[in-house]
Amino acid sequence: MTEPVQEPQQPTEPQEPTPFGVERDPARVVAFSDAVIAIAITLLVLEIRPPQNTRDLPHGLALLWPSYLAYVVTFMLIGQVWANHHIMFDHIRHADRVVLFLNTLLLMDIAFLPFAASVLAEAFRDGHGRRTAVLLHGATFALAAVLFNAIWWYARHDRRLIAATIDAAGVKAVSRRFRLAVAWLGTGTVLGTLFPVLGVLVFAAFVLYYWLPIAGEIPSRRRRRVRRNRA
C-alpha cells in the first residue's frame, strides 16, 4: 500500500507586528485607577478630627457638622467618579499613551480632593472663606469632568479605541452625560462663589442624578433580550 503523497506546504507570509504601545489592555489602567480612588476616598475620613473637649461630647460632635457635610458630599462625588470611570473603560478596548496621560491627570485631580474637602469643612466651620472653599471644591470636580470628556472624546473619535460592546446611540448617550457633568458642576461652582450653601446643594443634586442609568448605553437589542429573560 502506497503512502499518500503530501503536498508541499506553502510558506506563510509573516504578519506585520503590532506597533509598540498601540494595543494595551486597559485592565491595568482600571486597576491602578481603582487603587488611587480607594486611597483618596479613604483619606476623607481622616480629615474628621474628634473634638478636643469631651466634657460635652454630644455638643462637640454636633459642632463637626461641616466635616460630616464635606465628607458625605465628597465621598459620594468620588463614588460617581469611580462609577463613571468603570462605565467609560467598560467600552474602551485599548489604552494608548494619550489615554494613559489623560487618565494620570484625572487621578492627580482625584488625589487632591481630600485636601479640597478639608478646606471646605474648615471654611464652613469658621464661617470665613466659604466662597473660596466652594470654588476650590467645585473647580476640582469640574476639572475631573473635563478630563473625563477628554478621555472619552479621544477614545471614541473614529471609534479608534471603542469596543463593540456599545453602539453609536450608546456612545452619544454617554457623551451627553459626560458633557452635562461639566455644565452641572461648572454651574454649581459659579453659584457657590455667590451663595456657598446653594453651590453645595447643586453638588448634592448632581450626586443623586448621576446614579441614574444612562439611557441608550445598552444597545436596544440587548435591552429587549434582558427584558425577555426577566419575563
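Leaving aside neighbours within four places in sequence, Trp-152 is in contact with Met-88, His-91, Ile-92, Ile-162, Ile-166, Val-171, Val-174, Ser-175 and Phe-178. Please keep in mind as we go that this is a predicted model.

Now let's step back to the whole chain. What does its secondary structure come to? There are nine helices and zero strands. If you read along the sequence, you get the pattern α-α-α-α-α-α-α-α-α. The chain has 231 residues, and 40% of them count as buried. Its accessible surface comes to about 14400 Å², with 64% of that belonging to carbon and sulfur atoms. As for contacts with a separation of 6 or more, residues 24 or more positions apart account for 77% of them.

Back to Trp-152, with the core in view. The largest nonpolar core has 54 residues, and the members that touch the most others are Met-88, Ile-92, Ile-110 and Trp-152. Which elements give two or more residues to this core? They are α1 (27-46), α3 (65-89), α4 (97-111), α5 (113-126), α6 (130-156), α7 (168-194) and α8 (196-210). Of these, α6 gives the most, with twelve residues.

While we are on α6, have a look at Asn-149, which sits in that helix. Is Asn-149 buried or exposed? Its relative accessibility is 17%, and the cut-off for buried is under 20%, so Asn-149 counts as buried. Not counting residues up to four places away in sequence, Asn-149 touches Ser-175, Phe-178, Arg-179 and Val-182.

Next, a pair of helices. The axes of α1 and α3 come within 10 Å and cross at roughly 175 degrees. An angle over 145 degrees counts as roughly antiparallel, so that is how α1 runs relative to α3. And who makes the contact? On the α1 side we have Val-29, Val-30, Ser-33, Asp-34, Ile-37, Ile-41, Leu-44 and Val-45. On the α3 side we have Tyr-71, Thr-74, Phe-75, Ile-78, Gly-79, Val-81, Trp-82, His-85, His-86 and Phe-89. By type, the residues of this contact divide into twelve nonpolar, five polar and one charged.

Glu-122 is in helix α5, and at 39% relative accessibility it counts as partly exposed. How far apart are Glu-122 and Glu-47 in sequence and in space? They are 75 residues apart in sequence, and 9.9 Å apart in space from C-alpha to C-alpha.

Last stop: the loop between α6 and α7. Most residues other than glycine have a negative phi. Asp-158, in this loop, has a positive phi of about 60 degrees although it is not a glycine. Arg-159 is found in the loop between α6 and α7 as well, and its phi is near 55 degrees, again a positive value in a residue other than glycine. Are these residues buried or exposed? Asp-158 is exposed, with a relative accessible area of 65%, while Arg-159, at 34% relative accessibility, counts as partly exposed.

To close, let me return to where we began: Trp-152 is among the residues that touch the most other members of the largest nonpolar core, and α6 is the helix that gives the most residues to that core.

Terms used. Residues numbered from 1 in each chain as written. Predicted model: local features only at pLDDT ≥ 70, side-chain atom pairs only at ≥ 80, totals over all residues. Heavy atoms only, no water. Core = buried A, V, L, I, M, F, W, Y, C linked by side-chain atoms within 4.5 Å. Buried < 20%, exposed > 50% of the residue type's maximum accessible area, 1.4 Å probe, protein only. Helix = DSSP H or I, 4+ residues; strand = E, 2+ residues; numbered from the N terminus. Contact = heavy atoms within 4.5 Å. Areas by Shrake-Rupley, 256 points an atom, 1.4 Å probe, with all protein chains shown as cover. Axes fitted to C-alpha atoms, helices over the stretch in contact; angles between N-to-C directions. Parallel < 35°, antiparallel > 145°, perpendicular 65-115°, else oblique. Nonpolar A, V, L, I, M, F, W, Y, C, P; charged D, E, K, R; others polar.
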